[in-house]
Amino acid sequence: MSQQPVQESLTSTQPAEPPRIVNDFSMVVATINGSGSQTSNMALIRALFRMGVPVSGKNLFPSNIQGLPTWFTIRASSLGYTARREKVEIVVAMNPATFLEDLQTLVPGGVCFYPDHFPAPKEREDVVFYPMPVQSLVKEIDPPKELREYISNMAYVGIVASILAIELDEIRRALLTHFRGKERAVESNMKMIARAHAWAETQLTKRDPYMVQRDNQTEGMILIDGNTAGALGSIYGGVSFAAWYPITPASSLPESLSEYLPQLRKEKDTGRATYAVVQAEDEIAAAGMTIGAGWMGARSMTATSGPGLSLMAEYVGLAFFVEVPIVIWDVQRMGPGTGLPTRTSQGDVMFVRYLGHGDTKHVMLFPATPAECFEFGWRAFDLAERLQTPVFVMSDLDLGMNYWMSDPFEYPEEPMDRGKVLDADDLEQIGTFGRYRDIEGDGIAYRTLPGNPHPLATWFARGTGHNENALYSERAEDWAGNMERLWRKLDTARDFVPRPVLFRQSGARIGLIGYGTTDPAIQEARDRLSAAGVPTNYLRLRSIPFTHDVRAFIEEHDEVYVIEMNTDGQMRQLLQLEVPEHAARLRSLSYNTGLPVSARWIVANVRPGKEG
Amino acid sequence: MATVTGTTLPRPANVNLVGLERTDYKGLPSTLCQGCGHNSISSQIIAACYEMSVAPERLVKFSGIGCSSKSPAYFLSRSFGFNGLHGRMPSLATGALLANRSMKGIGVSGDGDTASIGIGQFIHLLRRNVPLVYIVENNGVYGLTKGQFSATADKGAMLKKGEANPFHPVDICIEALAANCGFVARSFAGDPRQVKELIKAALSFEGTAVLDIISPCVTFNNRDESTKSYAWGKQHEDPIHDMTVIPIREEIEVELEPGEATTVEMHDGSRVVLKKLERQYDPTDRMAAVTLLEQARVNNELLTGLLYLNPTQPSLVDIGNLALTPLSELAEDVLRPAPATLELINAEFR
């Protein structure tokens, strides 16, 4: 097999020196689900991050606990790109079942690390192979039997670190973070890593161009997944009640609540909890509990994914009509039933917008980064209580479960907005109360909370028709009047929801609209399009209802591509309803494979002047 | 002769300890049928809350969907209430009562709402021991949708159209016992005094208290042979004891012969006096309760009373070790951790 690196034009042309490609590669680690490779991969990605190299980490895993193939991709990018790429430069092939398939993902001149007890590959003569004596290295270390498989994954960490020049000290610090400062766990892993590293230093000759060098581009940033960020944001938003039912890819959000709430929200003197987290028997119950607590006046939330939302639909509709503030995180995945539960999607947009029977429309937020998950985590409670309605935070598997560089979390700069709530003293002063009266004309009525002792405070919450005083009514005018007020309220919401983020390039004539996790691929694609002479303006949506900026952006461009990860172009359809007179300008770029969209796909499909 | 009494404070006649009259506990006029058992139960809820001096603003009402679930509008207008979804009231109550531990919860459901569509949430409510008085107004039939069988309908019961029910009924009390509920009672809407005393006992119990009350539907299921009819209930009711609740700070004299009665102290200090009737029965023996119910079924009897009482189990509020200030009343400085804590969190992910 050929083991000569392919010359790259963008690297050094000194004939005597091997070409070098610094801090720019995608590396995929192919393993078997359940073999404990997550620690190894986190050690590598966090070490790179700590060396100041921009990174992102994506775990592509099956719906399975043990035995099926799984891939963890680490992208390093000196330009700060974090989107998925379709080809990779480096493969660490730890799964014999997918070895050949994994080789095919390599670019020409790519690199492959593999255990030397696998049969030597006969394919891909253009690839640099580094066989790794994993079994003999593990034998030398002789870890306890129960840790053997786990520790053996550390061998590739040491060898990859040696070849790519990843600093061992940073790997050690990364493990300290991973094991939360537990030295013993760190040391038992480092022993294997150091041994493998030492072996590679003496026994392997570097024959590939890929290198890591210390940089300073991650200064002050954090590396985190969106679900943890969302949970932390919710805690700083004062969540005091959460009910949930386990579902991939949402579970780690409420699990993070259960991890951090005891640290952050126990009464110091009594040790009592200022929160309650309930794992419900299903999503119907999770929704019911969340609504009961929100009605009572707690900051109340749940987190789920598509199938769970289906079960929640009836209760969410009731919450909309009773006007109960709650927050629902939808960490989107593919398909109904089992679907593709471990693959990412933006397929719930239309469903969530109208979730419920009868006429319902919901307020939705679209975070694109962990910092935004944190911010929307607390802001969603302010919005829900201001608007007295369910607020959805639309994340997805890619954002929720993968690892992203992010600006650090910023402490909320605004005091909490608890909305229009009347206490007993207010009622005594006002002397009159009707739960659904629109006093200010913004569609938002005043509410009282159970426990309010004033005789005027009481009202009976129900889905059935009610008049302004929350009394049972089947009068046509009462129903119509209430719907009109609810629509007025949703219009008011436009003044409170986060506005889109607008990015401009000079001379741009076409517009791109995206939201959530399509952002990194769109950003990268815009750089490439611009270099190819196609500058673009880009509007990243952050909420529904749409703010007035959205209409202005569409009016400004003759062609607007709406880039999203669902088959029907769901956001595009909602935008067409918003701006019907410009519906034809809106072109759908829908990518729906279960994988995050790539910049290459966007570049290939933005074709100005052609029929969309 | 022993006397069980409490002490009381001087107050005007017709006013309870919180200064309210019985009429202060009323609701809107009922829209249920004349003679419906549910109306009788609503009256006893009003009486029990008055006699237990419940402050209306400290009580919340919950219900699901059905005739029974409409009834919370017909009592305690001065209490907040939430008419939820069919079979899903337990979850609503769970969230609400965790969010404000200072509130007393009372839920009204029906046999369809509990034993058909809601059996799952019902069992999980009991498993968690949510502090809630859970009343099932059990008539064995769907009223609002006009006469279909529910899961508690008698085997062989006939619909108006002549169709017979082929299925064995769900026994709500046996389900509650199986789920380890600490307060399981059966009663009959035609026995208002017992209904009232059971509600009073349930109001002083901290945990889920299940009251399965046979409450005849005069429109769809009141044939004499139906076990959910007035006639059958009157003929077959067999109370297992005579029950009196002595609220804390109340003075009531109950004359007892030695060995004639069991007195159980409840969480709030109220006492439940169970006076023996014909049979020997220990209401703290869970398996005895199951056996008794099965015998009653075989013997075609309507056994009523407090079948099982175990006030020692922690409620969900205890298990959650919740702050004494209700979660819904926590101030911003408690809800939002201090800025310095966020610095530490950011450092954790660098």
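## Close-up views of a predicted model

**View 1. Helix 9 of chain A packs with helix 10 of chain A at an angle of about 30°.** The model shown here is predicted. Helix 9 covers residues 283–296 of chain A, and helix 10 covers residues 306–322 of chain A. Their axes lie 7 Å apart. Angles under 35 degrees count as roughly parallel, and the two helices are therefore roughly parallel to each other. Helix 9 of chain A passes helix 10 of chain A in a right-handed crossing. On the helix 9 side, the contact is made by E283(A), I284(A), A287(A), G288(A) and I291(A). Helix 10 of chain A brings G308(A), L311(A), M312(A), Y315(A), V316(A) and A319(A). By class, the residues of this contact between helix 9 and helix 10 of chain A are eight nonpolar, two polar and one charged.

**View 2. Helix 7 of chain A packs with helix 12 of chain A, with their axes 7 Å apart.** Helix 12 of chain A runs over residues 370–387. The angle between helix 7 and helix 12 of chain A is about 30°. That makes helix 7 of chain A roughly parallel to helix 12 of chain A. Their crossing is right-handed. From helix 7 of chain A come G226(A), A229(A), G230(A), L232(A), G233(A), S234(A) and Y236(A). They meet P370(A), C373(A), F374(A), E375(A), F376(A), G377(A) and W378(A) of helix 12 of chain A. The contact of helix 7 with helix 12 of chain A holds eight nonpolar, five polar and one charged residues.

**View 3. Helix 8 of chain A has buried residues.** This helix has 13 residues, 252–264 of chain A. From first C-alpha to last, helix 8 of chain A reaches 18 Å, close to the 18 Å expected at 1.5 Å a residue. Buried here are S252(A), L253(A), P254(A), S256(A), L257(A) and L261(A). The helices they pack against are helix 7 (226–236) and helix 13 (397–401) of chain A. These buried residues also pack against strand 10 (241–244), strand 11 (276–279), strand 12 (300–304) and strand 13 (326–334) of chain A.

**View 4. Chain B meets chain A.** The contact takes 47 residues from chain B and 54 residues from chain A. On the chain B side, the elements giving two or more residues are strand 3 (80–83), helix 3 (89–99), helix 5 (119–128), helix 11 (332–335) and helix 12 (339–348) of chain B. Helix 3 of chain B gives the most to this side, with eight residues. The residues of chain B that touch chain A divide into 23 nonpolar, 18 polar and six charged.

Key: Residues are numbered from 1 along each chain as its sequence is written. Chains are lettered from A and ligands numbered from 1 in the order in which they are written. This is a predicted model: local features need pLDDT of at least 70, side-chain atom pairs count only at pLDDT 80 or more; totals for chains, interfaces and linings use all residues. Axes are lines fitted to C-alpha atoms, for helices over the stretch in contact, and angles run from 0 to 180 degrees between N-to-C directions. Helices (H or I, at least four residues) and strands (E, at least two) are DSSP runs, numbered from the N terminus. Angles under 35 degrees count as roughly parallel, over 145 as roughly antiparallel, 65 to 115 as roughly perpendicular and the rest as oblique. A crossing is left-handed if the near helix is turned anticlockwise from the far one by less than a right angle, and right-handed if clockwise. Two residues are in contact if their C-beta atoms, placed from the backbone, lie within 7 Å. Ala, Val, Leu, Ile, Met, Phe, Trp, Tyr, Cys and Pro count as nonpolar, Asp, Glu, Lys and Arg as charged, and the others, Gly among them, as polar. The expected span of a helix is 1.5 Å times one less than its number of residues. A residue is buried if 20 or more other C-beta atoms lie within 10 Å of its own, exposed if 12 or fewer, and partly exposed in between; C-beta atoms are placed from the backbone.
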